[in-house]
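This report considers a loop residue, a charged pair and a helix. Please keep the sequence and the structure in view while reading.

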Amino acid sequence: MIHILAVVFMLAGVVFLFAAIFGLLRFADPLQRIHATTKSGTVGAGLILVGVMLHMGDGQATFIGTATVIFLMLTIPIAGHLLGRAAYISGARLDGLHGEDALKGVLERNPLTLDECLEQNDQQRPADHR
C-alpha cells in the first residue's frame, strides 16, 4: 500500500513539473514564465521527493528528503523574486501586464529592452569597428 502511495506522489510531482515546462513554453513574458516555473517546479520536486521518501522508507532517506524539501521551499521563491526583479529593472517586455504598473516609481526601469540597447549600440559604433 505504501508503494502505491509513493507512486501517486511521484506521478503528481511529474504532472506539476510538466505544468512548469508548459508554462515556460507557453507564457509570453519573463514574469509569467518565472511564476510558472517557480511555483509548479517547487511543488513538483517536493512531491517527487516525498514519493521517494515513502518508497525508501528509512530514516536517512527521510532526513535527507525533508532537508531537501525545506531547502527548495526556502530558496526557489527567493530566486524567483530576484529574477523577476532583474527582468523588470532590465526593461524586458512585459506583454502580460494589464492595468497599471504597480512598481512604477518604486523601481527604476530601463526604457529599452536588451535587444533595443544592442541594436542602438550597433548603430552608434563606427563602420570600421563592426
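## An aspartate in a loop

D29 lies in the loop that joins helix α1 (2-26) to helix α2; helices here are DSSP runs of H or I with at least four residues, numbered from the N terminus. The model is predicted, so local features need pLDDT of at least 70 and side-chain atom pairs count only at pLDDT 80 or more, while totals for chains, interfaces and linings use all residues. Residues are numbered from 1 along each chain as its sequence is written, and side-chain values use heavy atoms, without hydrogens and water.

D29 is buried, meaning under 20% relative accessible area with a 1.4 Å probe and protein chains only, whereas exposed means over 50% and partly exposed lies in between. The side chain of D29 reaches the backbone nitrogen of Q32 at 3.0 Å. Leaving aside residues up to four places away in sequence, D29 touches R93, L94, D95, G96 and L97; a contact requires heavy atoms within 4.5 Å.

## Charged side chains

The structure holds one salt bridge. R93 and D95 form a salt bridge through their side chains, at 2.6 Å from N to O. R93 counts as exposed because its relative accessibility is 55%, and D95 counts as partly exposed at 39%.

## Helix α3

Helix α3 (residues 59-90) has 32 residues, so at 1.5 Å a residue it should span 46 Å; its end C-alpha atoms are 46 Å apart, which agrees. The expected span is 1.5 Å times one less than the number of residues.

Buried residues of α3 include A61, G65, L72 and Y88, and α2 (30-56) is part of what covers the buried residues of this helix. After α3 comes G91, with a positive phi near 90°.

Terms used. Helix = DSSP H or I, 4+ residues; strand = E, 2+ residues; numbered from the N terminus. Lys, Arg positive; Asp, Glu negative; His and termini not counted. Salt bridge = Lys/Arg side-chain N within 4 Å of Asp/Glu carboxyl O. Polar contact = N/O pair within 3.5 Å; in protein donor to acceptor, adjacent residues only side chain to side chain.
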